[in-house]
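Please read them with the model open.

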Amino acid sequence: MIVIADGGSTKTNWCLINEAGRKIHFNTEGYNPYFSSTEYIVESLRKTLPDHLETDKLKEVNYYGAGCSTDAKRKIVADAMKQVFPNAEINIGHDLLASCRALLGDEPGFAAILGTGTNSCLYDGKDITLNIDSLGYFLGDEGSGCFIGKRILSDYMKGYMPKGLRESFYDNFALTNEDIFDHIYNKPLPNRFCAGFSKFLYDFKDNYEDYTFSTVEYAFTAFFENLVIHYPNYKEHTLNCVGSVGYSFRDILSIVADRYEMGVGKIIRSPIDDLVDYHLQVANK
């Protein structure tokens, strides 16, 4: 039995392929090693993995995760996986590589993640050849759920949000300015906290089309201005993207991409199905 996992900062999508070749999907929370320790990951997995999963019988774990971009960060996750899956070969990769393989397979091109956070790269069909660092939620992550969420929170706290939407925000979350400051500066996982408000905007987008468009367009324009246009010959590539934000607001993303003369390719919510197919194709070669 082998497992393939795509882990974002908020959620991890897993697929178990058993001896009969059956695919069994399940989810856990996300584990970004910049925010989660080995001990935290082990404890969380032991609580949330399905009861039917016989962890000691797994032969191989292929885990692609947000934040797994250096040897030190990969080791945090690998050490956790070795404790939870003691008899498996553990392979840890970056979630950006998972996105490339899901979006492009073995073809070269441009791939991006627009989810809780942001990432992007050029891919040669095998490896990532150029990655401009998005700098994370505090300094960058333009176009991400966190980036959009911070704009929503700022508008709410300053009173710039449309009145009806502001009332709905309070009805849903009952957050004061002090509560928001506490979440951002004192509590763990502030990136995940901020990103959650992008879903609130999506849920109310039909009633507040102008505000939704201006907020998301601002985020995607920042994504292009600060990241995409700095890739050599970016107009020669199509924009291929994974992530809930890119997928949910793909109509606005397409408008912004067209403005920068970049065609739109494959846009998917999650890479897990295409990533599993990639691994199965590689195994059968």
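1. Ser-9 is buried, because its relative accessible area is 13% (buried means under 20% relative accessible area, exposed over 50%, partly exposed in between, with a 1.4 Å probe and protein chains only). The residue sits in the loop that links strand E1 (2-7) with strand E2 (11-17). Helices (H or I, at least four residues) and strands (E, at least two) are DSSP runs, numbered from the N terminus. Apart from neighbours within four places in sequence, Ser-9 is in contact (heavy atoms within 4.5 Å) with Gly-30, Asn-32, Ala-66, Thr-116, Asn-191 and Arg-192. Between Ser-9 and Tyr-34 there are 9.6 Å in space, C-alpha to C-alpha, and 25 residues in sequence.

2. On the basis of these notes: this is a predicted model, in which local features need pLDDT of at least 70 and side-chain atom pairs count only at pLDDT 80 or more, while totals for chains, interfaces and linings use all residues. Residues are numbered from 1 along each chain as its sequence is written, and side-chain values use heavy atoms, with hydrogens and water left out.

3. Five strands form an open sheet in the order E3-E2-E1-E4-E5, and the pairing is mixed. Its edges are strand E3 (23-29) and strand E5 (89-94), each of which pairs on one side only (two strands pair if DSSP finds at least two bridges between them). Strand E4 (residues 60-65) and E5 run parallel and are joined by 6 bridges. Tyr-63 has Ile-92 of E5 as its bridge partner.

4. The largest nonpolar core has 45 residues, of which Phe-169, Phe-220, Phe-224 and Leu-239 touch the most other members. Such a core is a set of buried Ala, Val, Leu, Ile, Met, Phe, Trp, Tyr and Cys residues joined through side-chain atoms within 4.5 Å. Among the elements giving it two or more residues are strand E6 (109-114), helix H5 (145-158), helix H6 (163-173) and helix H9 (209-226). A second, separate core of 26 residues includes Ala-5, Tyr-63, Met-81 and Val-84.

5. Beyond its neighbours within four places in sequence, Phe-220 is in contact with Leu-114, Gly-143, Val-245, Phe-249, Ile-252, Leu-253 and Val-256.

6. How do H5 and H6 lie, parallel or perpendicular? They are roughly perpendicular to each other (65 to 115 degrees; under 35 is roughly parallel, over 145 roughly antiparallel, the rest oblique). Ile-152, Leu-153 and Tyr-156 of H5 meet Arg-166, Phe-169 and Tyr-170 of H6.
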